[in-house]
Amino acid sequence: MSVFETDDHRSFRQDVRDFAASEVAPHVSQMETSRKVDSQVSGWIVAQGWLGLTIPRKYGGIGAGHLAKTIAIEEIARVSAAMGAMLQASQLGAAMIIHYGTEEQKQTWLPQIATGECLPTIAVTEHESGGHVLGMQTTARRVGDHYVLDGSKVYVGNSHIGHVHGVVARTCDADTRPSKSLSAFLVRADLPGVRLVPYQRALGLHGFSFGDIVFDNVAVPASDRLGDEGDGLDVAYSSSVLYGRPNLTAVALGILQATADATVSFTKKRHRYGEPLAHHPVIGQRIGRLEHQLRTARTLAYQAAHMLDHGQACDNELINAKYYTVETALDATRDAVRIHGGAGLRTDRPLQRFYRDAIHIDAPAGTAEIQLHRLAETALGVDRGQWSERFAHLTALPPPATAKENAA
Ligand SMILES: Cc1cc2nc3c(=O)[nH]c(=O)nc-3n(C[C@H](O)[C@H](O)[C@H](O)COP(=O)(O)OP(=O)(O)OC[C@H]3O[C@@H](n4cnc5c(N)ncnc54)[C@H](O)[C@@H]3O)c2cc1C
């Protein structure tokens, strides 16, 4: 329980927890064994409307805010980090539209996203650029009322189940020379020339896809450009800071909670030297440390989401929460596997899954080094302003209705 949660948040958490236990948990072992991209469980999760948690009600969303979104992702990730990652990834695609979409684009896309009929992605990373977004090489060449996209993107979250890709590309000058400016586009996954590369399985997050997409001479209507020409970097950064950081924080939090649950239960049941493992002082200390990590991570995560919900400047809190929570998940899952001894390595037990999944949460929305780089910029007074301040009018929850409005 935290001071940031309201009764509505607590009751919502219970709903998501019940859903995760009945609809997600029974399928985790199958996802682990087959290691295939899941679309079925993903479909059930998004059909709950949880991609619409931060989509305003006037566009068909729930409009419950960023803390509610954090709770939903955390509770799903507690049961399956892969499905937590699935639920978080498409929210970045939605964020691009919330932040930069025209009224017409919002009315076209957001209601479908809110119901789960349409899964958007955000496709920024390339083989040769990665964390250095400005190094990207995918081009968008203006031809009449279209842009022609050429290039490829890697590690796109929900790549293989997404319906529309939020692609950032380098806009070409009229003479087709690539310019320095980036622009963002909504690219329907069924457009001619959009090709999925066969999915390359990874170490963990089995069931989630973060694969590669090729754009080969893809004609995208100019009306599907998000923001102005040259806004691409801002589109990418704003969704990464305001949605990517807190969403990955929530996935890490779910992994941490699951790790704590499994470790406490295991050490109470397992006996060594005639008493439960938990009663041995060294193990007790390690459980205390795990509890400390979990509580600190949750406080940082919820505080940052609460600030977003209240329109406060909080880029550094979002970055700090992502850094701490991911580092802690990596540390805690490693220690928990060791506390389990040989049992921690067995694939019929979840500990090794938590350990493998945790490492996947480092790179998306910026590795640990990138988070520290941003925090250093703030400490040194050379940061370039706060996205949370700039978009406060879009992230903050509307003020609660007055008694008079409720009565009307
Ligand atoms: C599970 C998962 C989901 C993802 N989802 C998406 C998605 O939905 N959309 C998308 O576009 N991308 C996505 N990504 C890609 C992710 O954003 C990149 O992996 C990340 O930006 C790092 O890029 P890279 O992997 O090319 O590593 P690189 O950028 O090559 O970095 C390699 C190493 O160098 C370090 N490094 C790089 N620059 C610096 C620096 N300036 N200072 C210090 N160290 C530095 C990094 O920290 C890292 O350790 C996802 C990745 C994963 C693993």
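Mentor: A residue is called buried when its relative accessible area is under 20%. The model here is a predicted one.

Trainee: Why is K153 called buried?

Mentor: The relative accessible area of K153 is 0%. The cut-off is under 20%, so K153 counts as buried.

Trainee: What makes the contact between K153 and E126 a salt bridge?

Mentor: A side-chain nitrogen of Lys must lie within 4 Å of a carboxyl oxygen of Glu. In K153 and E126 the closest N and O atoms are 2.8 Å apart, so the pair meets the definition.

Trainee: Which parts does that pair tie together?

Mentor: K153 is in strand β3, and E126 is in the loop between β1 and β2, so the pair links parts 27 residues apart in sequence. E126 is buried too, at 6% relative accessible area.

Trainee: How do you know that R356 and E32 are buried or exposed?

Mentor: Set each value against the limit of under 20%. R356 has 15% relative accessibility, so R356 is buried. E32 has 18%, so E32 is buried as well.

Trainee: What joins R356 and E32?

Mentor: Their side chains meet in a salt bridge, 2.9 Å from N to O. R356 belongs to helix α9 and E32 to helix α1, so this pair ties together parts 324 residues apart in sequence.

Trainee: Why is the pair E74 and R13 called a salt bridge?

Mentor: Their closest N and O atoms are 3.6 Å apart, and the limit is within 4 Å, so the name applies. E74 lies in helix α3 and R13 in helix α1, so parts 61 residues apart in sequence are tied together.

How values were computed:
Residues numbered from 1 in each chain as written. Predicted model: local features only at pLDDT ≥ 70, side-chain atom pairs only at ≥ 80, totals over all residues. Heavy atoms only, no water. Helix = DSSP H or I, 4+ residues; strand = E, 2+ residues; numbered from the N terminus. Buried < 20%, exposed > 50% of the residue type's maximum accessible area, 1.4 Å probe, protein only.
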